[in-house]
Amino acid sequence: MSHGYATVNALTGLAAGSFTWSSGQTAGRDKLNDGVQDELALGSASAQASGQTLSVDLGSAVSLVGIALLGHNLSVGSCTVQVLADSVNTFATAVTAKATTTIPTTAPNDRDAVLQFPAVSRRYWRLVFGHSGTKTVSFGEILFLTTITTLTRSRAYGHGESERYVTNQNESSTGSVRATLLSGPIRTKRFSFRDMRGTAERDELMAMFRASRGGVTPLLWIDTIESVSTAATAAGQECLWSQMSESHGWTENDFSLYDVDGFELRGMSREVL
Amino acid sequence: MSFDTIAGLPGLERIIRCDVSLNGFSSIAYRYATRAGRYDGTNWWTRRIPTGGLGSISRRLGRDRIAAASTTSLVLENADGGVDWICGREHIADAAAARFRIYIGVFQPGPNPPAHTDIQWKQLGEFVCAQWPKQNNDAVQIALSDDFMGRLGSGLQLPTIADWKLVGNTSNNPIYSGVGLPSTLTVDTPLQLAFGEDWLLALPHIIAWGNSGVGQTYEAKIIVPICATADLSAVSQDLIQDVRVEWLPPPETLEDNQRASQVIAIQRSGSIQDGTANAPTTFTTWTVEKSPTITKGGKSFQIVYLVVRADLGDARFEPVGSSPDAAVARAVAGRQSELAYQGGYPPDAVDSIATPSPAGQSVTFARRAARVLRWYVKGRFSAVTNPPGTLGMEHSVDAMVDLVSVYSSATVNSTEAARTKAGAPFASCFGVVQPWTEKANKAENGEPLPLSLRQVLSALAQSSDIDIFQDWTGLISFASDVYDFTIASSIGSMLEFRETEVRIERWVPSAGERGAAFNRVFFDGGRGEPVLGEGVPFQGPFDVSASDIPVATRVVEAVFQQGWRPRRQQAQNPLTWRALDGRTRDRIRMRTHRGGLRLELGGYFKVTWTRGSSLGGPYSGSVFQCDGLVFNPADDSVDVEALWRDDVQTERSYILDDETLLVRSKGGLSGNCTENATPEVFDFGGTINLTTMGVVNGDILIIREASEAADSFLYNRTYRIAQVNSTTQIEVHTAHTETGHVTANAEWSIVRGATTYPTAISDPTNYPSGGDLYGKVTQASGLYSDSSTGNRLLSG
């Protein structure tokens, strides 16, 4: 199992008019690529039948290797997603970049999904959503990934994950505590990479840190590299749009054996209404 | 469901949001929140309030009833420049106009994001920039305050003499075409506002005359500007009851500063007798008039002024060449020294020296009233809300409502204004509000005039024993210590905080603190009355005999302001009129959860603090009045300060009995009530069973026939029951003699009488042991037991 990450989103800076919902919805299209998951983009003003689409005009052909759907509501209603790409906006000659994939429904992977596929270069891209009954699909953010960097080594044992709620608490004279929920859960992944021989693998992780610019640039962590055009597995969709810490380093514990500092990837806020 | 319904519950999720308007919330220009959301279902509130971005919101009733401002601070994320609109000199106009409404929203968290309708919101105030915003690389910091540092924090914008002149040459604008201005008065001097009924110092007079030129001096008028008013109704001569002038009498051989001034009344009209058989001729000395409407600062005003005869009513000094009333002219032509002069003005007050001048008689007129130092008038002029129909007391709350909502731009909580007014009937006021600072122009010996409306309102509130503050929703509201019906009737349902919800401390407030204990009072700010030649009334000390601290043990003094009290109240024992409370009261400070936001300043609630079962505590469902609230968004806690007022539970002032408990029977019964042929006996038909109903001797039969005329009382009256003859028949003490009349079953009832009231013994369910019953339906003497006029109900 290989891990990977991505930091470049081809949708960044794209005008709202480049997005077309099959429902005709125009409101909130700018929320698809505004850089935060706070505000939801709704696929329609009212619930639609299965088969609704989101088409994107990238302006020119762009080679993509994955699409991340963040803060989505596709975990309810037996939802599937198919990715099409074409050189014309009619999608008359579309290729299937990613076959119809069922979206995981189990927490904590029920809100974010990444669809990886071999590189396809097209100007027009389309997401086709299948579901039971009618549904208004919504997304906090969508990422079109031009590059997924794969890490050579797998993480070492000792990795893990935690979730956190942000709360306020008041304690009375009797010790009774009254808490208020402010947000959450906020997901955090912990990693360690140990005993890496030579500097090449060490430098891969340091490059990832630099790509994140100390947490300034959000980083999409992809837990399992699965670059295939067929339907994705649940594991292959696991991802976390996250931030690294401000500092990172490494230690040579023995001759040519390097340990990179354990690090955390803290999930981006996706508290949306 | 509402915020108050769920705010005290555990396990809630919360959001803070801020709406920003640049036009007084005609529309919302910017929407910010701690979490993004479409909170109205349409518009997005963006996540710009970071953790800790909203400071504590502090609200409290001011010490000594000073109008205290609510304050907080707000940090908005601005890494993308999205909040640049309020930063820097180039945006100062928007920063000045910006008004912020801050809300807290709570909801039950669930697996899915809530619908916007699931969120229950509470407004935490309406604010303006207390300081201009500070900007750094990635954030904007804004210090916020409510309207007591906003709309009410500065002086009023009132019309000036110049504004008056500029409204055009209309028939009722005597200063349009020509005006002579005393050197002490600049044309841009704003007018004052006047409330209440006491003597008021008018502005210096203006000599005005028509455009017709020199020699037409009979058109000259003495114009005495009094004040501005937003009451644009037609002027009434009853607006002024009395006019007096302070003038400098002769001899001319002395310098002005060596002569003592005198105050003399000028009657509204006088009469003159020319020594002939002709009837006395009456003439008007002064009239009260209003200027044309003047628009300033988006508001409409009129100026109230006096027009006084150029000779101040002294008929003997009608100028040569003028055209006075014919009868007056005859008098002037007659034997002046024998004129029967009534009313008017002592002739010496008019500067009668005709100064030779090429300009002619106008110079003479310009010197008319030159000896007058000050003009005093008596009336209430600027009142708009509930102005007295004739000269009378003006309530302080009405004056404050006018100042806040009519003469300024804030909005009043009319419900609380009416309630506070009703609870403090003696809180009347007198005073002027001037947009300038010269205290010499005020008819009182007091402190320098306040500058800001907030200070004016503070002085007014202090004198009136009323608190003024801005409530959660941004309305200007009022509170008093008065134990009124609303409080009395809500004791059973008051919000209660138990010790599982609070951390608490208590103390008796000392001098300087709000609610401090005292047993001796002094008053400050009392007014002398130069018009009447009277000094400042006795201002204390007055000992409070009922104080919990015996004077003999220790004298604890307190000073209260009374500058805005009417002089008649100042001149009497102030304790007669003031709502001063000498009782020693605990003060508590407690920290509780977000449920504390359900409280409002001035509101009442209960506290239980037992300190455990063995030690015992001071409060078990004790009533307190909230006078301080601080919401801390950092941990969602609410700090509450409050004053012990549990005596509202033991010293009842109102009839709080449930009248339905007095009713034996009422409507819906199948029996009609028929007057028997036998005097004083009533029969009831149908299935009536008076015994089952519990009717006994001493109960009251009430007959209310809707069809009976208002001036007839045969079937709109009560009878005291003397005897229950059977299950369907009663005998009353006195009945009228008409027999056989049938009253429908819906129009009669029987209630308990004075001797048959429920008690803890007869009705232990509703009247627990030791319980009191207040009020009586009638008296044991049988006051309503006969048909004499005085005993009739309704119109009788």
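**Close-up 1. The lining of the largest pocket.** In this predicted model, strand E12(A) contributes the most to the lining of the largest pocket, with 5 residues; strands are DSSP runs of E, at least two residues in length, numbered from the N terminus. A pocket is an open set of points on a 1 Å grid over the protein atoms alone, where a 1.4 Å probe fits, with protein on both sides within 12 Å along at least five of seven lines, and its lining residues have an atom within 4 Å of a point. The space in this pocket is about 1,500 Å³, and among its 47 lining residues, Asp38(A), Ser269(A), Thr34(B), Arg47(B) and Glu77(B) are the closest to the centre.

**Close-up 2. The largest nonpolar core.** This core holds 52 residues, of which Ile86(B), Phe100(B), Ile102(B), Met590(B) and Phe605(B) touch the most other members. Such a core is a set of buried Ala, Val, Leu, Ile, Met, Phe, Trp, Tyr and Cys residues joined through side-chain atoms within 4.5 Å, where buried means under 20% relative accessible area with a 1.4 Å probe and protein chains only. Strand E34 of chain B (residues 619–632) gives the most to the core, with 5 residues.

**Close-up 3. Strands E37(B) and E38(B).** These strands run antiparallel and are joined by 3 bridges, pairing being assigned where DSSP finds at least two bridges. Glu675(B) has Phe682(B) as its bridge partner in E38(B).

**Notes.** Residues are numbered from 1 along each chain as its sequence is written, and chains are lettered from A in the order in which they are written. Local features need pLDDT of at least 70, side-chain atom pairs count only at pLDDT 80 or more, totals for chains, interfaces and linings use all residues, and side-chain values use heavy atoms, leaving out hydrogens and water.

Definitions and conventions. Grid points are joined across faces, edges and corners, and a volume is the space filled by probe spheres set on the points. Helices (H or I, at least four residues) and strands (E, at least two) are DSSP runs, numbered from the N terminus. Buried means under 20% relative accessible area, exposed over 50%, partly exposed in between (1.4 Å probe, protein chains only).
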